[in-house]
There are 2 protein chains.
Amino acid sequence: MSTTVKIGVIGAGSAQFSLGLVKDLCLTESLAGSQVCFMDINRERLEMIHKLAARYAAELGADLRLESTDDRKVALQESDFVINLAFVKGHHHSRAMRELTAKHGYYYGGVGLGSYYQLRLMLDVARDMEEVCPDAWLIQSGNPVFAGCTLMTRETGVKVCGLCHGHYGVYGIAQTIGIEDPERITWQAPGLNHNIWLTHFIYEAKDAYPLIDDWIRTKGEEYWRTHVATHGHDIQMSRGAVHQYRMYGLFPVGDTPRGRGWWYHTDIGTKKHWFGEPFGGPDTELVRPIFVANLEKRIAEMTRLANDPKASLVEAFGSTKTREQQVPIIDGLVNDNEGQFQVNVPNRGALEGLPDDVVVEVPAIVNKKGIQPLRVGSLPSKIMLECILPGWLRMERGLVAFENGDRSMLLWNALESHQTRSYDQAVAVLEDLLAMEGNREMNEHFKFPSNW
Amino acid sequence: MSTTVKIGVIGAGSAQFSLGLVKDLCLTESLAGSQVCFMDINRERLEMIHKLAARYAAELGADLRLESTDDRKVALQESDFVINLAFVKGHHHSRAMRELTAKHGYYYGGVGLGSYYQLRLMLDVARDMEEVCPDAWLIQSGNPVFAGCTLMTRETGVKVCGLCHGHYGVYGIAQTIGIEDPERITWQAPGLNHNIWLTHFIYEAKDAYPLIDDWIRTKGEEYWRTHVATHGHDIQMSRGAVHQYRMYGLFPVGDTPRGRGWWYHTDIGTKKHWFGEPFGGPDTELVRPIFVANLEKRIAEMTRLANDPKASLVEAFGSTKTREQQVPIIDGLVNDNEGQFQVNVPNRGALEGLPDDVVVEVPAIVNKKGIQPLRVGSLPSKIMLECILPGWLRMERGLVAFENGDRSMLLWNALESHQTRSYDQAVAVLEDLLAMEGNREMNEHFKFPSNW
């Protein structure tokens, strides 16, 4: 079976993702003849990506119709799928905010304002979809997946599926502990986005958790002493991740270890202790500039390729599929090429102990019938009470603050930071952040309640 | 209508309460002929109280049968009501624990171990009741009411009703803001024990919240500058309580302002700022010794009275009813002398957004039909997300840690203290506390999980 679809890509200036998407489409015959409309407000970047994508498809002889626009509604028009990648404020704004918090005594991102601009944009996209392409699927591929997907599914009738890369961490576990063929493990790691826990880890039909325990006992210390991370996210088997396994009883997967306990994150020395050399995990002053510089280098390289009509793009980008889930999910939905995926969708009983209208991250079977989450049962009460339910409340507070524009809830959030030492410090950092260049709309949106 | 009942009082060495109970029984004709069995492991104190109570009843010519025992099951035998007041470890142990945490850098009670001994005793009492007097009501009058009542109602079939004094704070609000006849207000303040919020505040059939707002605007600053607390708990109209009203949107009642945000409690200067001179609230190194000394002075005075057969006890203790709810509730249940009370009972829909098997503090109509909570609807989402639901999770973590004997959950709790500055500090204070004289049983109960 083969079907043509139209895919609108919002925030298509994310070059690596957009080129990967085109690659996956080119290599998926059952979607031949499909149309992709790239949308971004950065027209220069958009043009470059459009050019590269068209040349890449031509080199492969793939049948793909490509368009680009800076008008969101044009991208949505007649779309069957919308992929939203947009990151409104960008890495430089994040850095400026971190630098300001540092002046108030906070270490790297120890306090924040929530995700006002991201949530605003997500809701705008979903509302536009309700109007322009109400039957399309929205595949949310930018953060915050958890809060954003919950907000969009509550506030609109659009079908939303959030995707993230974190769950691939499970293959990192398998590889590090010496499982010969990591691709042959079967596993399950449900939870909330960035908060998923390895409930099942099976290799050759046997529980493979004892292999993790053996590794920790016999090889852990040496690994933590000698392993040199090649990138900031290389923390899946760090001392911190293993410590969390001990604290919480199941192994934390992907971005999960990155987001637990404040005590792993107090300063660069502590971060290195828990998350390894040389970076101390993905959220440090050492690795973040490298991460952003690499992003910029990749853009520069792509720009070079776009301007060099003789360059072979197949050589530059390869011709094997990425491991992104977007295109296989689309293929499953429209062509019944069934697969199992890790998705973020409204709970509706998939994970016990959370309300139906909260978006959970769970495995799902995807085919012509739709995206059908597996009912994964329950997580251990310790994980629910120390990780999942507190994460759920934090998300709900973010949504209530966003919807009510309640500045006192931002203040409460700043106060609850374990790096905050006094009431006055929280007030000062909050007001300074809101007064920053680039936060004007947010500053106007959030007011103190009338009794203040 | 008049009925005789047997009341077993566990922890009857709490002299003030036990004498108050006898006073209320003496002054409640419809319970004439009833029997009270005082139980405590402190036989000396018990004897003194028994002696005083018998003389007090005789002076009033009341028909009351009094007994005392150090055997719990004797006290429970044939009881219709059991009142549990027991405080296992006592104030001196609490002080020793605080002094130890101070050595680890914590200010007054900034980290703790939970309520192992109290929960253990409560569960033992409830289990004994199941065996000895399964139809009796358990009136839990010692802390932790919230965790203890939830535990007992989940683990046993005993009917449990928890009582606390906090809600009387509402009359303190009325009095301070100048309402002429505070007893004529009507009000509602549901929530969880020590976490109750003034949803309704009515005087002369009108919403009286504007009177609070007026007082804050016109008299607040002067009150905070000039008011001198007569006791540590005199914080109902403190700057801190009013600040919480601003933060959360409803006025916090009784013990509620005492238990919010860490930022009110970082040191004595901060406490005085928020909770007033001269004590800075009930939980400070300034007032706690006075509180304990006063308890001991009262015991000494009672001992003196007990040893002076010529002293008039009616003169010493008065002959008006206390404002305790225990006797009126008993009178309502057995004699249909209906009343409305503030009780802690399993939720079962009384307060929206919490599970049925969580004990909530709500108003209830008490009569021959039983203790029937009013369905109070919902609290504002801000209060649910910032106060009630986090409090619920904290309680549930305490119960899971208690039931599983999971030392890692005690560690997590120590880590989550906003006074904890590092992982190592939490580990050290936890191990030192558990190794303390008097904590041996607890130290043996709590083990690290097998993967530790």
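Student: Which residues in α5(B) meet α6(B)?

Tutor: In this predicted model, B:Leu119, B:Met122, B:Leu123, B:Ala126 and B:Arg127 are the ones on the α5(B) side. Across from them in α6(B) are B:Ala147, B:Gly148, B:Leu151, B:Met152 and B:Glu155. Contact here means heavy atoms within 4.5 Å, and helices are DSSP runs (H or I, at least four residues), as strands are (E, at least two), numbered from the N terminus.

Student: How do the residues of that contact divide into nonpolar, polar and charged?

Tutor: Seven are nonpolar, one is polar and two are charged. The classes: Ala, Val, Leu, Ile, Met, Phe, Trp, Tyr, Cys and Pro count as nonpolar, Asp, Glu, Lys and Arg as charged, and the others, Gly among them, as polar.

Student: And at what angle do the axes of α5 and α6 of chain B cross?

Tutor: Roughly 35 degrees, with the axes coming within 10 Å; α5 covers residues 116-132 and α6 covers residues 145-155. Axes are lines fitted to C-alpha atoms, for helices over the stretch in contact, and angles run from 0 to 180 degrees between N-to-C directions.

Student: Is the crossing left-handed or right-handed?

Tutor: α5(B) passes α6(B) right-handed.

Student: What about the peptide bond from B:Asn143 to B:Pro144?

Tutor: That bond is cis, with omega near -5 degrees. B:Pro144 sits in the loop between β5 (137-140) and α6 of chain B. The bond from B:Glu277 to B:Pro278 is cis as well, with omega near -5 degrees, and B:Pro278 lies in the loop between α10 (268-275) and α11 (288-306) of chain B.

Student: Switching to sheets: in what order do the three strands of the open sheet in chain A run?

Tutor: β7-β10-β11, with antiparallel pairing. The edges are β7 (186-188) and β11 (206-207) of chain A, each pairing on one side only. Two strands pair if DSSP finds at least two bridges between them.

Student: How many bridges join β7(A) and β10?

Tutor: Three, with β10 being residues 200-203 of chain A. A:Trp187 stands opposite A:Phe201 in β10(A).

Student: Which residue stands opposite B:Lys206 in β11(B)?

Tutor: B:Tyr203 does. In chain B, β10 (residues 200-203) and β11(B) pair in the antiparallel sense over two bridges.

Student: Where is A:Glu204, then?

Tutor: In the loop between β10 and β11 of chain A.

Student: What rotation superposes chain B on chain A?

Tutor: One of 180 degrees with 0.0 Å of shift along its axis, at an RMSD of 0.1 Å. So the two copies are related as by a two-fold rotation axis.

Student: Which residue of chain B comes closest to the rotation axis?

Tutor: B:His418, with its C-alpha at 3.0 Å. As for the interface, 100% of chain B's interface residues are also interface residues in chain A, so the copies meet through the same surface.

Student: What are the scores of the model?

Tutor: ipTM is 0.96 and pTM is 0.97. Chain A has a mean pLDDT of 97, and 100% of its residues reach 70 or more.

Key. Residues numbered from 1 in each chain as written. Chains lettered and ligands numbered in written order. Predicted model: local features only at pLDDT ≥ 70, side-chain atom pairs only at ≥ 80, totals over all residues. Heavy atoms only, no water. Left-handed = near helix turned anticlockwise from the far one by under 90°. Least-squares fit on C-alpha atoms with pLDDT ≥ 70 in both. pLDDT = per-residue confidence, 0-100.
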